[in-house]
Amino acid sequence: TAIYVGESPSIRRAQYSDEKLDHYWSPFITVRRKGDNLKSTYVAVHEPLDGEPRIQGIDVDRQEKTVIVTITTADTIDYAIVALDDPVAIQIDTPAGKLQFQGRYGLVRIVDDRPVVAHLVGGNTLAIGSRQLEPAPALQGTIVDVQPFDDRVSHGYFDIDERIDNV
C-alpha cells in the first residue's frame, strides 16, 4: 500500500478559470494498493470551511453493488447510499431506526435521533423508522432539442416532447 499526500489545483476556488488555477491549491490524499482481485471505489467528501472543520468521522462501506458513506459531525449523521450499477435494495441500522432503501441514490440526515432530510433518486423506497418518503413521479419524455450555453450559472437546457405539469 502506498499513500500519496500532496496538493492539487482547486478548480472551484479558482472559479473554473484556468488562468487562476496556479493561485488556488487544495490538499489531497490518495491510497494505492497492489494485489490480485482488487476493486477500487473512489469516494470524495468535500467540506466547505468557514472556521473549524465540522466532520468528525467518515465511514465507507462497499457492499457488492452499493457504496454507503456515513458522515458524522457533532450533531448530525448523514447516510449517502449509491448504487454502482442498477438500483439496489438494502437495510441499514441507524439511531433513528432501520433505514430501508431501494433505488439508485439516497441521502438521509439524522439530528437528535430523528430524520430531518431525505432524498431518493431513481427508486421507490426510502423509509427510516416509521417514516417513509413518497417518491415523486419520474419525469420522462424524448429529448427533441438541446441548447448549450455557458453563462457560469447554467450550461444549457433541453426540450422534451411531453408536457410536465407538476414541476
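I took helices (H or I, at least four residues) and strands (E, at least two) as DSSP runs, numbered from the N terminus. By that count the protein has zero helices and 13 strands. From the N terminus on, I read the elements as β-β-β-β-β-β-β-β-β-β-β-β-β.

The model is predicted, with local features needing pLDDT of at least 70, side-chain atom pairs counting only at pLDDT 80 or more, and totals for chains, interfaces and linings using all residues. Residues are numbered from 1 along each chain as its sequence is written, and side-chain values use heavy atoms, with hydrogens and water left out.

I looked up strand S4, residues 66-72. Six of its seven residues are buried (under 20% relative accessible area, 1.4 Å probe, protein chains only). Across the protein, 20% of the 167 residues count as buried.

Next I checked the partners of S4; strands pair if DSSP finds at least two bridges between them. S3 (residues 57-62) runs antiparallel to S4 over six bridges. Asp61 sits opposite Ile68 of S4. Three residues lie between S3 and S4 in their hairpin.

On to S5, residues 77-83: seven bridges join this strand to S4, again antiparallel. Ile71 has Asp78 in S5 as its bridge partner. This hairpin of S4 and S5 has four residues between the strands.

Last, overall dimensions. The C-alpha trace spans about 45 × 45 × 40 Å along its principal axes.

Note on methods
Buried means under 20% relative accessible area, exposed over 50%, partly exposed in between (1.4 Å probe, protein chains only).
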